[in-house]
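Visitor: I'm new to this one and would like to learn how to read it. Could you walk me through it, feature by feature?

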Amino acid sequence: MNVTQTVIYWQAGQHQHHVVTALRVRHPPQVRLERDRSARRRDTMVSRLASLARGLRGFAAAPRVPGPGTPPPPGGFKHPPVPDSLKGVKRIIAVASGKGGVGKSTTAVNLATATAALGLRVGLLDADVFGPSVPILMNLAGAGTPALDANSQMLPLENYGVKCMSMGFLIAEEKAAVWRGPMVMGALGKMVRDTAWAPLDVLFVDMPPGTGDAQISISQRLPLTGAVIVSTPQEVALADARRGVNMYSKVATPILGFIENMSYFVPPPADAGASARGEGGGNIDGDGGGGSGG
């Protein structure tokens, strides 16, 4: 089994207390390991996810951290007004990265499901319009389109105790969103304003990678409580992560934690191959299907 390590540096509230934990993320198994070793690793992952989620629960209950609608400090960035659809949401946390492919969406899903497992009311907004991952990661790819309530608000699709909304629910899986900036922001606005989110304790936002117009616009339109930055250890990814930290400082969004993902790899026996990300995914047939991995 291929295993990577995630190291999480967590800061709770304004008292600068730090909770350092670790999380192991499994890629699809490509080699066999002993059952007891696999079970120990699974128990360790569950325990550490629960530890991180407990930190989030304490954070969600702490009134010291500015939440949606909190007045900004004098002369500081003005947080946007709270949309009606989010007035019953206590905390909004962005899960962001400067570079794509670092495991940001997987981390957002892990945070959301682990927090929901503690009994909190949790939502997950997939803000990556061009590459929505939440439908697949939350096992909702075939769940259809959201229904409407009596007020014509979209009802989030739910799985694992998490309310989810994604552009992947609104357009066909094989269709590409070939849109310019205004259309992208219009789609994001619809998922925020026209979705019946409340009541929630925490809404996680799976941000698109980068620090461009889309990311800044989302930060200016959503009253973010804070952001979690995800990166891999390579300098090429860390450089973009630093830019992400700088961007959030400009929109007065606290950095709640930094996640170093895919820190190391446990190799298989010397006589076995290792496909860390699956194999055969590039074999696209005439019907648009893929291979067995990816």
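Visitor: Let's start with D84 and K87: are they buried or exposed?

Guide: Both D84 and K87 are exposed. Keep in mind that this is a predicted model, so everything we read here is computed from it. Exposed means over 50% relative accessible area, and buried means under 20%.

Visitor: What do D84 and K87 form together?

Guide: They form a salt bridge. To read one, look for a side-chain nitrogen of Lys or Arg within 4 Å of a carboxyl oxygen of Asp or Glu. For D84 and K87, the closest N and O atoms are 3.0 Å apart.

Visitor: How many salt bridges does that rule give?

Guide: The count comes to seven. Another one of them joins D201 and R121, with the closest N and O atoms 3.1 Å apart. That pair ties together distant parts of the chain: D201 sits in strand β7 and R121 in the loop between α2 and β4, 80 residues apart.

Visitor: Is D201 buried or exposed, and why?

Guide: Its relative accessibility is 11%, so D201 counts as buried. R121 has a relative accessible area of 38%, so that residue is partly exposed.

Visitor: What about D240 and R243, how far apart are their closest N and O atoms?

Guide: In that salt bridge they are 2.3 Å apart. D240 and R243 are about one helical turn from each other, because they lie three residues apart in helix α6. D240 is buried, since its relative accessible area is 16%. Salt bridges can also share partners, and here they join K90, R121 and D201 into one network.

Visitor: You mentioned helix α6. How many residues does α6 have, and how far does it reach?

Guide: For a helix, you can compare its end-to-end reach with what its residue count predicts. α6 has 16 residues and reaches 23 Å from its first C-alpha to its last, close to the 22 Å expected.

Visitor: Which residues of α6 are buried?

Guide: They are A237, L238, D240, A241, G244, M247 and Y248. These residues cover an arc of only 170° around the axis, so they fall on the same side of α6. Just after α6, A252 takes a positive phi of about 55°.

Visitor: Now a strand. Why is β4 described as largely enclosed by the rest of the structure?

Guide: For a strand, check burial residue by residue, then ask which way each one points. In β4, which covers residues 122–126, five of the five residues are buried, so the strand is largely enclosed by the rest of the structure. V122, L124 and D126 point one way, G123 and L125 the other, and all are buried.

Visitor: Which strands does β4 pair with?

Guide: One is β6, in the parallel sense over five bridges. There, L125 has M165 as its bridge partner. Another is β7, again parallel and over five bridges. On that side, D126 has D206 as its bridge partner.

Visitor: Let's zoom out. How many helices and strands does the protein have?

Guide: It has six helices and nine strands. Of its 294 residues, 44% count as buried. As for the surface, the protein exposes about 14,400 Å², and carbon and sulfur atoms supply 53% of it.

Key: Residues are numbered from 1 along each chain as its sequence is written. This is a predicted model: local features need pLDDT of at least 70, side-chain atom pairs count only at pLDDT 80 or more; totals for chains, interfaces and linings use all residues. Side-chain values use heavy atoms; hydrogens and water are left out. Buried means under 20% relative accessible area, exposed over 50%, partly exposed in between (1.4 Å probe, protein chains only). Helices (H or I, at least four residues) and strands (E, at least two) are DSSP runs, numbered from the N terminus. Two strands pair if DSSP finds at least two bridges between them. The expected span of a helix is 1.5 Å times one less than its number of residues. The arc is that of the directions from the helix axis to the C-beta atoms. Accessible areas come from the Shrake-Rupley method with a 1.4 Å probe; for residues, only the protein chains shown count as cover.
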